[in-house]
Amino acid sequence: MTNMPGLLNWWRDRSLTLVLLALFVVCAFGQVMTGLGEYNEAQASHGQPAVTVRGYLATGHPWEALFENWESEFLQMAAFVLLTTRLVQKGSPESRRRGVVEPYDADPRDHREDPGAPWPVRRGGLALTLYEHSLSLALLLLFVASWTGHVLGGFAEFNADQRAHGQPVLSLIGYLWTPRLWFESLQNWQSEFLSIAAMVWLSVYLRERGSKESKAVHAAHDDYD
């Protein structure tokens, strides 16, 4: 019992991330199980035997769908982080203010001696150059990794469909030129850019009390804070 206050504080300090990860696990599990059901229905329609969860995970079907969605989310966040370094939307809390030097614009090289400064800031040089862009770099790498997973999963699933219908299979390079791959990618990408635009624009006029993503309820529409 003596550790309970510390455990509760640890939970509270990380509750946003932990709850989001828990929701992710629940939804991912649901996706696999419903995907298994869909896959086995397709198997039955082709006169093929049903597969187990392990057999299903060995196909491209779950991975194509999983990574197809991940890639669009990481692309969305990477684009948002990068575009908000230069572009503005008057009145949106998601935007920087035109002509204003924000606290996050401070040169980290002037803060090398600050207590608690991350080690790349203290070290300087290439480590700092990479670190001051590490958020966008990490998101872009996650996008590339997810897109690669989408391609590989889609490639396996596409060729499985081809075999099931007695059609010739494609090489990986050949699959990269198929309309299917780009239809799947672009249908997700367009929705992510629309959702960012909606968030940026709606936050100028609408409010959510208590949310960091919203301005104060009493703030004027043109205010940035």
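The model is predicted, so to speak with its own ground rules: local features need pLDDT of at least 70, side-chain atom pairs count only at pLDDT 80 or more, and totals for chains, interfaces and linings use all residues. Residues are numbered from 1 along each chain as its sequence is written, and side-chain values use heavy atoms, with hydrogens and water left out. There are seven salt bridges and ten aromatic pairs to look through.

**Salt bridges**

- A salt bridge here is a side-chain nitrogen of Lys or Arg within 4 Å of a carboxyl oxygen of Asp or Glu.
- Arg180 and Glu64 make one of these, with 3.2 Å between the closest N and O atoms.
- That pair ties together distant parts of the chain, as Arg180 sits in helix H8 (residues 179–205) and Glu64 in helix H3 (residues 61–83), 116 residues apart.
- Helices, by the way, are DSSP runs (H or I, at least four residues), numbered from the N terminus.
- For burial, the cut-offs on relative accessible area are under 20% for buried, over 50% for exposed, and partly exposed in between (1.4 Å probe, protein chains only).
- Glu64 is buried because its relative accessibility is 6%, while Arg180 has 24% and is therefore partly exposed.
- Arg180 also forms a salt bridge with Glu184, where the closest N and O atoms are 3.5 Å apart.
- Both Arg180 and Glu184 belong to helix H8 and are four residues apart, about one turn of the helix.
- As background, an α-helix has 3.6 residues a turn, so residues three or four places apart point the same way.
- Glu184 has a relative accessible area of 10%, so Glu184 is buried.
- Zooming out, a network of salt bridges links Glu64, Asp161, Arg180 and Glu184.
- Asp161, from that network, is in helix H6 and counts as partly exposed at 29% relative accessibility.
- Elsewhere, Asp105 and Arg96 meet through their side chains in a salt bridge, 2.7 Å from N to O.
- Asp105 is partly exposed at 34% relative accessible area, whereas Arg96 is buried at 13%.

- H8 has 27 residues and should span 39 Å at 1.5 Å a residue, which agrees with the 39 Å between its end C-alpha atoms; the expected span is 1.5 Å times one less than the number of residues.
- The buried residues of H8 are Leu181, Glu184, Ser185, Asn188, Trp189, Glu192, Ile196, Val200, Ser203 and Val204.
- Those buried residues pack against H3, helix H6 (134–164) and helix H7 (172–175), with contact meaning heavy atoms within 4.5 Å.
- Gln162 is found in helix H6 and is buried, with 19% relative accessibility.
- Leaving aside residues up to four places away in sequence, Gln162 touches Gln167, Pro168 and Val169.

**Aromatic pairs**

- Rings of Phe, Tyr and Trp (its six-membered ring) pair if their centres lie within 6.5 Å, and planes under 30 degrees apart count as stacked, over 60 as edge-to-face and the rest as tilted.
- Trp182 and Trp189 are edge-to-face because their ring planes are at 80°, with the centres 6.5 Å apart.
- Trp189 is buried at 16% relative accessible area, but Trp182 is partly exposed at 32%.
- One aromatic cluster is formed by Phe24, Trp63, Phe67 and Trp70.

**Surface patch on the nonpolar side**

- Met4, Leu7, Leu8, Trp10, Trp11, Leu16, Val19, Leu20 and Leu23 make a nonpolar surface patch of about 890 Å².
- Patches are made of residues with over 30% relative accessible area and no salt bridge; like charges are joined within 9 Å, and nonpolar side chains (Val, Leu, Ile, Met, Phe, Trp, Tyr) within 5 Å.
- Accessible areas come from the Shrake-Rupley method with a 1.4 Å probe, and for residues only the protein chains shown count as cover.
- Trp10, one of the patch residues, lies in helix H1 (residues 4–45) and is partly exposed at 43% relative accessibility.

- Arg12 is in helix H1 and counts as exposed, with 53% relative accessibility.
- Between Arg12 and Asn188, 176 residues apart along the chain, the C-alpha atoms are separated by 33 Å.
- Asp161 and Arg123 are 38 residues apart in sequence, and their C-alpha atoms are 53 Å apart in space.

Key: Helix = DSSP H or I, 4+ residues; strand = E, 2+ residues; numbered from the N terminus.
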